[in-house]
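Please find below my notes on the model under review. They are set out as numbered points.

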Amino acid sequence: DNGVLEVYFSLFGSIYAIVTGFILLVVITAYNNTKRCISAEINALQNARDYLFYIDHDQENKNTLKLQIKAYAHSVVKNEWGNLIKGELIDADTSFELYEIINSVNRIHIDGNDLSDEVAIKMLIDTIGEIASLRTNRLTSVNEKLPPVMIHLIFFLSLCIILPFALIKAS
């Protein structure tokens, strides 16, 4: 009977559309959140590099810190993202490269009589803490997954819509 099929497909089609829309919203929100985290982390790394211009002394340790910042960025792109693509989980704790940045900041000697050195080193320390937090937020966001209930529901609804078409065609 066409009337029964119409109601059946309208009901399950509507539920399917709503659930699919919800899943799409969750996925797009997670994507945008990850994108914001990446952008904020990049900005914080650039800020850390820029704060070094205000430190007038200890060129050797400043250069080492610049190299450490570059090594951290390289590690994120090559190691972390590469491992995530392979499906591996990344430890959200502070990475080795980030610890190296912290150690490099700690080794910078400033002139206690130079106010710009003092302000820059304080801003640098704050920014390194921000980078650590942003890294954790990025990794948490990337590792978010759809709830299994939603995956099972979309699978069930797909069967409810596709299976009757197969049965109708078979008869």
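1. The protein chain holds 5 helices and 0 strands, in the sequence order α-α-α-α-α. Helices (H or I, at least four residues) and strands (E, at least two) are DSSP runs, numbered from the N terminus.

2. The model is a predicted one, in which local features need pLDDT of at least 70, side-chain atom pairs count only at pLDDT 80 or more, and totals for chains, interfaces and linings use all residues. Residues are numbered from 1 along each chain as its sequence is written, and side-chain values use heavy atoms, with hydrogens and water left out.

3. The C-alpha trace of the protein chain spans about 90 × 30 × 20 Å along its principal axes. Its radius of gyration (over C-alpha atoms) is 26 Å, whereas a compact globule of 171 residues would have one near 16 Å; the globule rule is 2.2 Å times the number of residues to the power 0.38.

4. Of the 171 residues in the protein chain, 32% are buried (under 20% relative accessible area, 1.4 Å probe, protein chains only). The buried residues of α1 include F9, F12, V19, I23, L45 and Y51.

5. Among contacts (heavy atoms within 4.5 Å) with a separation of 6 or more, 84% join residues 24 or more positions apart.

Note on methods:
Buried means under 20% relative accessible area, exposed over 50%, partly exposed in between (1.4 Å probe, protein chains only).
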